[in-house]
Amino acid sequence: MTKNIMIVGVGGQGSLLASKLLGHLLLTEGYDVKVSEVHGMSQRGGSVVTYVRFGEKVYSPIIDKGEADFIVSFEKLEAARWIEYLKPDGRIVVNTQEIDPMPVIIGSASYPENLIDKMENLDIKVDAMDCLSLAEQAGSAKAVNIVLMGRLSKYFDISEEAWKNAIRACVPAKFVEINLKAFDLGRGNI
Amino acid sequence: MKTLMLGNKALARGLYEAGCSIVSSYPGTPSTEVTEEAAKYDEIYCEWAPNEKVAMEVAFGASLAGKRSFCGMKHVGLNVAADPLFTCSYTGVNGGMVICVADDAGMHSSQNEQDSRHYAIAAKVPMLEPSDSSETLEFTKRAFELSEKFDTPVIIKMCTRIAHSQSVVETSERINIEPKKYEKNAPKYVMMPGYAKLRHPFVEKRTEALTEYAENCYFNRVEMASTKIGVITSSTSYQYVKEVFGENASILKLGMINPLPKNLILDFAKKVDKLIIIEELDPIIETHCRALGLDVTGKDVMPIEGEFSQSLIAEKLGLSVPTGKKLEENLPIRPPVMCAGCPHRGIFFTLSKNKCTVLGDIGCYTLGAVAPLNAMDMTLCMGASISAVHGFNKANGPESQNKTVAVIGDSTFMHSGMTGLANIAYNQSNSTVIILDNSITGMTGHQQNPTTGYNIKGDPAGKIDLETLCRAIGFNRVRVVDPYNLAECDAVLKEELAADEPSVIISRRPCVLLKYVKIKPALKLDENKCIGCKSCMRLGCPAISFKNKKIHIDSTLCVGCGVCQQLCKFDALKVQEG
Ligand SMILES: Cc1ncc(C[n+]2csc(CCOP(=O)(O)OP(=O)(O)O)c2C)c(N)n1
């Protein structure tokens, strides 16, 4: 059975590192893997989505509505935007950070309230946490992506060491320590 | 070795392994990484050309000289390079010549959704269409063999989902290709009428030979399973079809999309009860099948617009699709925006304030079209801003020329703005052209261009001086402004619009995302001074928002450019000490 992970967030938040890490990890674990990214406009603060699919043999590189086993969201509003892509029994791991989109900034819309509650009211399995604080605690606001990976790792039958090896393989040497700490904080080890 | 590889990177790997030695391309999403990745191999000479036509002609010249050569571009780039394409189909090649064109169904980052397959048909050149990274690598290597065997340029057609998806590939070593000798052969390479008339029959015969080849070649394959349904498909659609049907349909997967086989399709059709054609964009395989007299399901149920997916195909064919839980909530959209500190912002603010009519172009600055700046009236294709402002002013004369401008980026100007500028100088309209020189090709992710002084490897290179160039073309009035200085922008814009001869304003400041640009500390709000007038918010800077009746500065985004300070009458935005 093919498993589907969607990574959603705001352009510039570092979702490409998260998908690189997952790709590396899952390939090492012996799965067939496909990762689909949208490049180009992604630096520019727009809504971005990455698909990671793995299994014995993966065909399509993309994930449709109702197909994601996991959604990893870097931002709260983006979690709400993509929630329809989650399987009814899937799980969403979400960073509770709020980043105002332009319509909110210029006052033509407001940032919706209580999004986490609203998702939970639909009986969706939501795992929400303030990843920005944990990343800062680990030593860099940029480590939000690895905090999220730490959290996601709890739901996988893959050894913690394999995850950490993937971090070592994908992150520049001088940031490995910070990122390993971010992973531990996300996973709840410390 | 098995690795996960982006489709574009796999194409670059294919170039390397095939012994390709010359690459000339112009960037364009989703094709850019092919050339960026190729540039990492020392064995391949790589360059960014000023535009796609130049790139293709460079690749052609290298092929003529006897080397395996390549050029890459996005779908609309092939419009620009169509001229050399149509005639190098006649000349054929010496060293193998491969062209990559990347389509963008769904328009993730493009101004239209044209289907490049039409070009292969019209120019009568073979086109290959891989369906994942592994095929991309293999097809690229075989494309060179095909090119040399049939004496033709070969096009590899990518699409966003193949170009920007990673899948597993197995790499091998670079082969050693003995360069072909260049031998003068005017009847083959000098395409004047007398010789071209002799080459056209060659092209027709080559198409016949290629059609024969397509009947039984590596690129096309039949996967027999249930014969109730037969699907003919290609590219990324093949992957969706496998996902939807599994063993419940037989598949004819076409990797060579031009020319299309006849007997292979007719034989496949005979073996299945119902024939469905699944192809993104235009009905090309479908039209071919209908011409063969086959009764098929195609664009009568499948859309011409947009990208496909497994669910879209299933739904259109009346099969069930999964659904998820939806929040009943009006969620604000999150469109891309100009970055905090983007040098384009100051100019667009000035244009908006002066209520100018702005004929725009393509690049990051096209984002000047959206709220709150709303400072763009037109965007068509690269270079069109300058030519169109001339036409606009010729048509409306004094009524328009004092408030109408063209805006164009540095890379776009080098791509196709210069010829339009020559037209203004020659045919004399009183037009004002603003060149937004941020010292990089921003939109496609920071590629060097002829104005930046560096080549694709980041080494020093020739640098074209825009002021000198514009003067040489015939402009007497060439002004340079700093877009972070709003007063200067406003004054110069007013002067140049009022002047009774054509002028160029160069707005110069490097893109804030460039590594060498020093970012200043975030500004700090003086809560006592801010009265919440929102004057600074007219800039549409993503670092400034409104919270609790006052401005809020997002310190993770603000780069201290200071443009907002110039709009604050209350001195509430402060430079941080230290
Ligand atoms: C014919 C063609 N080729 C390539 C592209 C892709 N493309 C869009 S904008 C752009 C260049 C933008 O660079 P520049 O003009 O310097 O503006 P910036 O983005 O830096 O503001 C490119 C290559 C295109 N749209 N059309």
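Helices and strands are named here as DSSP runs, helices of at least four residues and strands of at least two, and both are numbered from the N terminus. The model on display is predicted.

**Chain A as a whole**

Select chain A and colour it by secondary structure. Eight helices and six strands make up its secondary structure, and along the sequence they follow the pattern β-α-β-β-β-α-β-α-α-β-α-α-α-α. Computed along the principal axes in the viewer's sense of extent, the C-alpha atoms fill a box of roughly 45 × 35 × 35 Å. A compact globule of 190 residues would have a radius of gyration near 16 Å, and chain A, with 16 Å, therefore agrees with that expectation. Of its 190 residues, 62% count as buried. Among contacts in chain A with a separation of 6 or more, 62% are made by residues 24 or more positions apart.

**Strand β2 of chain A and its two partners**

Now select residues 32–36 of chain A, which form strand β2(A); five of its five residues are buried. In a regular strand the side chains alternate between the two faces of the sheet. Show the side chains here: Asp32(A), Lys34(A) and Ser36(A) point one way, while Val33(A) and Val35(A) point the other way, and all are buried.

**The domains of chain B**

Colour chain B by four ranges: domain 1 (2–214), domain 2 (220–316), domain 3 (344–508) and domain 4 (523–575). The C-alpha centres of domain 2 and domain 3 of chain B lie 46 Å apart.

**An open sheet in chain B**

Select strands β14 to β18 of chain B. They form an open sheet of five strands with parallel pairing, in the order β14-β15-β16-β18-β17. At the edges are β14(B), residues 357–359, and β17(B), residues 477–481, each of which pairs on one side only. On average, neighbouring strands of this sheet are turned by 25° against each other, direction ignored.

At one end of that order, β17(B) pairs with β18(B), residues 503–508, in the parallel sense over five bridges. Arg477(B) stands opposite Ser503(B) in β18(B).

Helix α20(B), residues 486–498, lies across β15(B), β16(B), β17(B) and β18(B), and runs at about 165° to β17(B).

In soluble globular proteins, nonpolar side chains tend to be buried together. The largest nonpolar core here has 68 residues, and those with the most contacts inside it are Phe348(B), Leu351(B), Val407(B), Phe413(B), Val433(B), Ile434(B) and Ile435(B). Domain 3 and domain 4 of chain B both give residues to this core, so it lies between them.

Centre the view on Val433(B). Leaving aside residues up to four places away in sequence, Val433(B) touches Ile386(B), Ala406(B), Ile408(B), Leu421(B), Ile424(B), Ser503(B), Val504(B) and Ile505(B). Another core, of 41 residues, lies apart from the 68-residue core; among its members are Cys131(A), Ala138(A), Ala166(A) and Leu185(A).

**Backbone details in the loops of chain B**

Where are the cis peptide bonds to inspect? One runs from Thr29(B) to Pro30(B), with omega near 5°, and Pro30(B) lies in the loop between β2(B) and α2(B). Another runs from Asn258(B) to Pro259(B), with omega near -10°, and Pro259(B) is found in the loop between β12(B) and α12(B).

Met107(B), which is not a glycine, has a positive phi of about 45°; it lies in the loop between β5(B) and α6(B) and counts as partly exposed, at 35% relative accessibility. Asp571(B), also not a glycine, has a positive phi of about 55°. Asp571(B) lies in the loop between β21(B) and β22(B) and is partly exposed, with a relative accessible area of 42%.

Notes: Residues numbered from 1 in each chain as written. Chains lettered and ligands numbered in written order. Predicted model: local features only at pLDDT ≥ 70, side-chain atom pairs only at ≥ 80, totals over all residues. Heavy atoms only, no water. Domains from an automatic or database assignment. Pairing = 2+ DSSP bridges. Axes fitted to C-alpha atoms, helices over the stretch in contact; angles between N-to-C directions. Contact = heavy atoms within 4.5 Å. Core = buried A, V, L, I, M, F, W, Y, C linked by side-chain atoms within 4.5 Å. Buried < 20%, exposed > 50% of the residue type's maximum accessible area, 1.4 Å probe, protein only. Rg over C-alpha atoms; globule rule 2.2 N^0.38 Å.
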